[in-house]
Amino acid sequence: MNAVVALVLLALPAFMLGLVHRQRWAARVGTIVLCYVAGLLAGNLGLIPESALPVQKAVSEAAIALALPMILFTVDLRAWRRIAGRALLSMALAVAAVLLVALALFAVFRALGVEAPHELAGLAVGVYTGGTPNLAAIKTALDVDETRYLVFNAFDTAVGAAYLLFMVGVAPRFARRWLPATPAAQADAAPTVDAGAASMHDEDYRDLLTRRGLAGAAASVAVAAVVVGVSVGIGRLVAGGAPALVIALLATLGLAASLVPRVRALALSYKVGMYLIYVFSFAVASMARADAMQGSDAMLLVFVTVAVFGSLALHALLARLAGIDAGSFLVTSMSAICSPAFVPLLARALGGNRALLASGMATGIVGYAIGTQLGIALALALQAVGSTP
């Protein structure tokens with residue numbers, strides 16, 4: 001039975017991807033949401049027996065451990081120096097804004113007696129500087145309760161949709177009044193991601209089913225397995241295998257591996273990693289209890305809403321003080337809060353500026369690279385502060 005459960009956990013995201021590819025309504029909902037819903041149904045309707053809990057935990061932990069370095073293998077660290085100066089500064093300000101708002105929310109929620117506010121601060125920093133992979137990694141590192149993580153992610157999806165509508169529809173007009181105009185041609189904003197970067201973030205995974213794709217996927221998994229083994233080994237030697245240290249090492253060594261040309265050339269590693277994120281999402285959702293979600297604290301919704309729109313407002317203020325142009329501010333905010341996958345949508349709304357598209361995609365990958373370590377570091381520091389009498 002355990003083998004069957006493991007097979008279902010690994011295979012169901014493939015069915016969801018097929019659904020997204022063939023059904024318009026599924027494409028609107030998105031693969032990760034479909035995986036969450038399917039996991040909740042499977043876990044709460046008794047389709048997965050309670051005796052399979054060890055398998056669910058093992059699959060979720062293995063999936064995130066392999067996914068995190070694979071998502072970072074294709075990052076070109078050397079290319080960061082070519083990112084437009086305004087865009088890189090704007091991304092730094094976006095990260096600073098998220099950190100400051102997370103700190104403020106921690107202080108308020110701690111004073112209100114909310115349980116483990118350091119977890120919420122760490123999750124917010126991870127997801128609003130990078131994206132879902134960072135969020136999933138920090139959940140594992142901090143051992144956040146499955147139900148709490150799922151509720152946080154559900155609220156993030158809802159608030160993120162509102163943010164996306166605002167950014168595409170209303171924000172450009174406000175930004176152009178508040179910030180300097182974007183230069184018509186940004187000579188210093190040369191593309192810093194290769195031609196296939198945008199395709200990394202789509203939902204077409206059919207390349208993985210080809211002979212070449214399977215070979216590339218196997219190579220990516222093999223390299224990631226080495227990174228996992230080294231990270232776990234160092235973690236046990238240094239801190240007895242502390243999850244937070246292991247996850248931080250996975251992200252750091254994944255970036256280090258990207259410096260090896262043959263590793264960075266594993267173009268499908270990002271999609272294999274994202275597929276494992278879908279596996280993680282389904283497995284985690286199958287362990288969450290719907291009855292606990294029904295009584296979830298509305299304060300989580302307040303936290304997520306303030307984290308998103310509060311950091312956006314603070315970022316806008318810092319951008320004005322730093323003289324950042326409107327276009328650079330908008331695309332870096334989008335890449336930080338929503339991930340690089342949504343930058344092309346905003347770039348089209350801004351008139352199809354290819355320089356802005358390149359800068360937004362590149363700075364979003366910077367967020368992927370640093371979000372996990374930042375979120376874990378902040379959460380552990382705030383936990384230490386919170387435990388101080």
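This is a predicted model: local features need pLDDT of at least 70, side-chain atom pairs count only at pLDDT 80 or more; totals for chains, interfaces and linings use all residues.
A crossing of two helices is called left-handed if the near helix is turned anticlockwise from the far one by less than a right angle, and right-handed if the turn is clockwise.

Helix α4, spanning residues 53-72, packs against helix α14, spanning residues 269-287, at an angle of about 155°. Their axes lie 8 Å apart. Angles over 145 degrees count as roughly antiparallel, and α4 and α14 are therefore roughly antiparallel to each other. Their crossing is left-handed. Sorted by class, the residues in the contact of α4 with α14 comprise 18 nonpolar, five polar and one charged.

Helix α5 (residues 85-111) and helix α6 (residues 117-127) pack with their axes 9 Å apart and at an angle of about 165°. That angle makes α5 roughly antiparallel to α6. Here α5 passes α6 in a right-handed crossing. On the α5 side, the contact is made by Val 98, Leu 99, Ala 102, Phe 106, Phe 109 and Arg 110. The α6 side supplies Pro 117, His 118, Leu 120, Ala 121, Ala 124 and Val 125. By class, this contact has 10 nonpolar residues, one polar and one charged.

Attention can now turn to the protein chain as a whole. Its secondary structure comes to 19 helices and zero strands. The chain has 389 residues, of which 53% count as buried. Among contacts between residues at least 6 apart in sequence, 83% join residues at least 24 apart. The accessible surface comes to about 16900 Å², and carbon and sulfur atoms account for 67% of that area.

Two local sites round out the picture. Helix α7, residues 132-142, is mostly covered, with 10 of its 11 residues buried. The buried residues are Pro 133, Asn 134, Leu 135, Ala 136, Ala 137, Ile 138, Lys 139, Thr 140, Ala 141 and Leu 142. Just after α7 comes Asp 143, which takes a positive phi of about 55°.

The other site is Ala 27, which has its place in helix α2 (residues 24-29). Because its relative accessibility is 44%, Ala 27 counts as partly exposed. Along the chain, Ala 27 and Met 16 are 11 residues apart, and their C-alpha atoms are separated by 9.7 Å.

Definitions and conventions: Residues are numbered from 1 along each chain as its sequence is written. Side-chain values use heavy atoms; hydrogens and water are left out. Axes are lines fitted to C-alpha atoms, for helices over the stretch in contact, and angles run from 0 to 180 degrees between N-to-C directions. Helices (H or I, at least four residues) and strands (E, at least two) are DSSP runs, numbered from the N terminus. Angles under 35 degrees count as roughly parallel, over 145 as roughly antiparallel, 65 to 115 as roughly perpendicular and the rest as oblique. Ala, Val, Leu, Ile, Met, Phe, Trp, Tyr, Cys and Pro count as nonpolar, Asp, Glu, Lys and Arg as charged, and the others, Gly among them, as polar. Buried means under 20% relative accessible area, exposed over 50%, partly exposed in between (1.4 Å probe, protein chains only). Contact means heavy atoms within 4.5 Å. Accessible areas come from the Shrake-Rupley method with a 1.4 Å probe; for residues, only the protein chains shown count as cover.
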